[in-house]
Amino acid sequence: MMMNRLNPCISIPFGLSTDEFQDLIKKTKDWTLMHGGGIRSKNNFSSDSLTVVPFTLLPSVFPKNEFLKAVKIQPLLNELMHKVSRDHEFLKSCLKKTIEVDEFTRKLFTLYETVREEGITQRMSLGLLRSDIMHQMDENGNNIKQVELNTIACGFGWLGILSGNIHRFVLQQLGFLDKLKMLPENNALQGLCLAIIKAWELFNDKNSIVLIVVEDQSVNICDQRFHEFELALQKPELCVIRKTLTQVANEAKLTHSKDLVIQSKRVAVVYYRSGYSPEHYHGEIEWLARLLIERSTAIKCPDIQYHLAGTKKVQQELAKTGVLERFINDPNEVVEIRHIFTGLFSLDLDQNGDNAVKMALDNPENFVLKPQREGGGNNLYNDEIKEKLMSCINSKERSAWILMEKICPPVQQNYLIRHEVESKTNLTPCDVVSELGIFGIILCDGDNILLNEQVGHMMRTKSKSCNEGGVNAGYGVLDSPFLYDDSSDL
Ligand SMILES: Nc1ncnc2c1ncn2[C@@H]1O[C@H](COP(=O)(O)OP(=O)(O)OP(=O)(O)O)[C@@H](O)[C@H]1O
Ligand SMILES: [Mg+2]
């Protein structure tokens with residue numbers, strides 16, 4: 001496999017003495033913490049304290065044209081996801097085999113069928129999406145390839161903005177004022193919150209509220225709270241309540257007209273920052289809470305259809321020849337979308353599945369094996385792929401997974417800065433790779449699209465030797481793109 005290398009945005013090391021360098025890191029950590037760059041300690045959780053988010057000291061370079069391509073394609077991806085989410089036959093046939101063997105997806109699907117049979121009570125849908133992509137250099141030059149598209153609890157709308165600001169501060173401290181213009185503007189948080197507010201306005205009850213469904217303990221608290229603070233800023237009269245699924249189960253009710261009521265307030269919009277992982281459902285009551293919300297007139301972000309449309313199985317089915325055409329009329333748009341897909345293969349018990357298994361066993365280093373899970377840490381690599389596939393080679397358990405070609409982003413050097421108690425910051429630069437997330441918003445009334453935009457980005461970076469990239473999961477660190485003109489040398 002080709003291994004490409006890019007030069008960092010400024011030469012490393014940058015000629016500071018050890019003392020000066022340590023001072024810069026200390027100062028930048030303080031700047032970060034004092035500007036909303038905090039995270040709750042996972043190992044030592046306290047709701048009274050924050051530790052500094054992990055971040056790269058420098059922005060990572062990313063080709064400008066590919067960044068612009070990713071931004072431009074986002075509304076198309078938004079529309080695609082919307083249409084997929086409304087296509088019952090498609091969702092059903094995509095997930096048919098998966099739900100036979102994957103309990104979590106089956107529970108989601110059963111919930112979907114229940115509300116579908118009862119009749120959907122809210123025509124309005126709200127998607128706050130994040131398309132995750134990596135830059136890849138091959139014989140055709142620079143390309144972007146999609147890792148996945150998230151439709152539920154897409155985080156880092158705030159921390160993505162903050163990362164750019166950390167890097168503005170570092171470049172300013174180092175005297176590279178001329179480089180600041182290479183950091184793109186980012187208004188992700190404002191855009192995401194605007195979409196929630198638009199949905200709330202369409203609900204048309206000024207006494208109604210926004211309900212944020214949260215985990216029992218929110219590690220990524222700054223990112224979540226900044227959404228609340230931004231909502232307060234944009235719409236001071238709007239009341240926002242945070243509840244866990246357990247609390248919703250115990251406190252919320254449906255009225256005769258199926259309005260969701262909690263703390264005597266009617267809920268206009270439900271925004272999930274939880275509910276995407278089996279661990280968020282301790283037992284039956286959390287599933288009942290989810291069902292209660294789905295049954296209600298509240299506008300759900302996402303509704304169960306959007307949640308299902310964001311599964312990795314659907315992503316894999318969309319990459320099959322001829323499938324995009326079912327949703328997108330313009331052939332040029334189909335080509336544009338197809339171009340960002342990488343190899344995705346079903347592992348169903350049939351000839352295609354057998355071929356995929358063989359490919360993976362022959363060259364596991366070229367693939368990622370993925371279950372239907374979100375939140376990081378669930379994918380398998382290298383020998384784990386072999387072990388897993390060998391363990392279910394002739395069983396339909398295979399259908400719970402998909403096989404994906406591994407994307408190989410170019411390597412560059414950067415410094416990974418972390419909270420010192422959690423893990424020692426390395427003062428020597430290391431080889432890293434980056435992943436860019438583009439945020440999209442889509443608000444629809446039935447098939448009628450009321451709002452469909454790209455609103456901003458986030459970037460996370462990890463050491464080259466690490467497979468997973470999640471920041472909350474402890475693998476990746478926050479980063480921001482430094483856009484270079486790919487037609488000229490850096
Ligand atoms: N095809 C791929 N090629 C290279 N790396 C990949 C690929 N798929 C996933 N990864 C790496 O694994 C990480 C997690 O993968 P993915 O996003 O599919 O899982 P997830 O559990 O849904 O994560 P998230 O919490 O980001 O939604 C990615 O951030 C990326 O670093
Ligand atoms: Mg995901």
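The crossing of helix 3 and helix 4 is left-handed; a crossing has this hand if the near helix is turned anticlockwise from the far one by less than a right angle, and is right-handed if clockwise. Helices here are DSSP runs (H or I, at least four residues), as are strands (E, at least two), and both are numbered from the N terminus. This is a predicted model, in which local features need pLDDT of at least 70 and side-chain atom pairs count only at pLDDT 80 or more, while totals for chains, interfaces and linings use all residues. Residues are numbered from 1 along each chain as its sequence is written, chains are lettered from A and ligands numbered from 1 in the order in which they are written, and side-chain values use heavy atoms, with hydrogens and water left out.

Two packed helices are described by the angle between their axes and the distance between the axes. Helix 3 (residues 88–101) and helix 4 (residues 103–118) pack with their axes 8 Å apart, at an angle of about 140 degrees. Axes are lines fitted to C-alpha atoms, for helices over the stretch in contact, and angles run from 0 to 180 degrees between N-to-C directions. Helix 3 and helix 4 are therefore oblique to each other, since angles under 35 degrees count as roughly parallel, over 145 as roughly antiparallel, 65 to 115 as roughly perpendicular and the rest as oblique. Contact means heavy atoms within 4.5 Å. Among the residues that meet are His 88, Leu 91 and Leu 95 in helix 3, and Phe 109, Tyr 112 and Arg 116 in helix 4. The residues of this contact of helix 3 with helix 4 comprise six nonpolar, three polar and six charged; Ala, Val, Leu, Ile, Met, Phe, Trp, Tyr, Cys and Pro count as nonpolar, Asp, Glu, Lys and Arg as charged, and the others, Gly among them, as polar.

Helix 4 also packs with helix 9 (residues 284–295), at an angle of about 35 degrees and with axes 10 Å apart. The crossing of helix 4 and helix 9 is right-handed. Residues including Phe 104, Leu 108 and Leu 111 in helix 4 meet residues including Trp 287, Arg 290 and Leu 291 in helix 9. The residues of the contact of helix 4 with helix 9 divide into six nonpolar, one polar and six charged.

Individual residues may now be considered. Glu 89 lies in helix 3 and, at 51% relative accessibility, counts as exposed. Buried means under 20% relative accessible area, exposed over 50%, and partly exposed in between (1.4 Å probe, protein chains only). Ser 218, in the loop between strand 7 (209–214) and helix 7 (221–234), is buried, with a relative accessible area of 5%. Its side chain makes a polar contact with the side chain of Glu 215 (2.9 Å) and another with the side chain of Gln 224 (3.3 Å). A polar contact is a pair of N or O atoms within 3.5 Å; within protein, one must be able to donate a hydrogen and the other to accept it, and residues adjacent in sequence count only if both atoms are side-chain atoms.

Most residues other than glycine have a negative phi, and most peptide bonds are trans. Phe 156, although not a glycine, has a positive phi of about 80 degrees, and at 5% relative accessibility Phe 156 counts as buried. A cis peptide bond joins Ile 12 and Pro 13, with omega about -5 degrees.
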